[in-house]
Amino acid sequence: MGAWLARHASDPADESAVELVGVAVDGKAVRGSRTGEKTAVHLLAAVLHEGQAVVSQRQIAAKSIDFSPS
């Protein structure tokens, strides 16, 4: 994801910059992946706003991620 953003992101203050690209990030638990002994598989996906194309998807270890400052 970071590499894709680095290729497509630009500084809004730069007049010669290319138009910014909107990306949505969404997490999901895979239905049917939880068993009596295993927790559900959780996926995190990045989707382009325009065209609704998935640019990256990864399995993550936990359903919630703490983004609060340290």
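## Basis and confidence

The model is predicted, and local features need pLDDT of at least 70, side-chain atom pairs count only at pLDDT 80 or more, while totals for chains, interfaces and linings use all residues. Residues are numbered from 1 along each chain as its sequence is written, and side-chain values use heavy atoms, with hydrogens and water left out.

The mean pLDDT (the predictor's confidence in each residue, from 0 to 100) of the protein chain is 77, and 71% of its residues reach 70 or more. Among the elements, helix α1 (residues 2-8) has the lowest mean value, 72, whereas β2 has the highest, 89. Where pLDDT is low, the predicted coordinates should not be read in detail.

## Overall fold

The protein chain holds one helix and three strands, which follow one another from the N terminus in the order α-β-β-β; helices (H or I, at least four residues) and strands (E, at least two) are DSSP runs, numbered from the N terminus.

Of the 70 residues in the protein chain, 13% are buried, where buried means under 20% relative accessible area, exposed over 50%, and partly exposed in between, with a 1.4 Å probe and protein chains only. The accessible surface of the chain comes to about 6,100 Å², of which 53% belongs to carbon and sulfur atoms; such areas come from the Shrake-Rupley method with a 1.4 Å probe, and for residues only the protein chains shown count as cover. Among contacts (heavy atoms within 4.5 Å) between residues at least 6 apart in sequence, 18% join residues at least 24 apart.

## The sheet

The three strands form an open sheet in the order β1-β2-β3, with antiparallel pairing; two strands pair if DSSP finds at least two bridges between them. At the edges lie β1 (23-29) and β3 (54-60), each of which pairs on one side only. Neighbouring strands of this sheet are turned by 20 degrees against each other on average, direction ignored.

Strand β2 (residues 42-48) and β3 run antiparallel and are joined by six bridges, and His 42 has Ile 60 in β3 as its bridge partner.

## Leu 44 in strand β2

Leu 44 is found in strand β2 and, because its relative accessibility is 30%, counts as partly exposed. Not counting residues up to four places away in sequence, Leu 44 touches Val 25, Asp 26, Gly 27, Ser 56, Gln 57, Arg 58 and Ile 60. The C-alpha atoms of Leu 44 and Gln 59 are separated by 6.3 Å, although these residues are 15 residues apart along the chain.

Notes
Axes fitted to C-alpha atoms, helices over the stretch in contact; angles between N-to-C directions.
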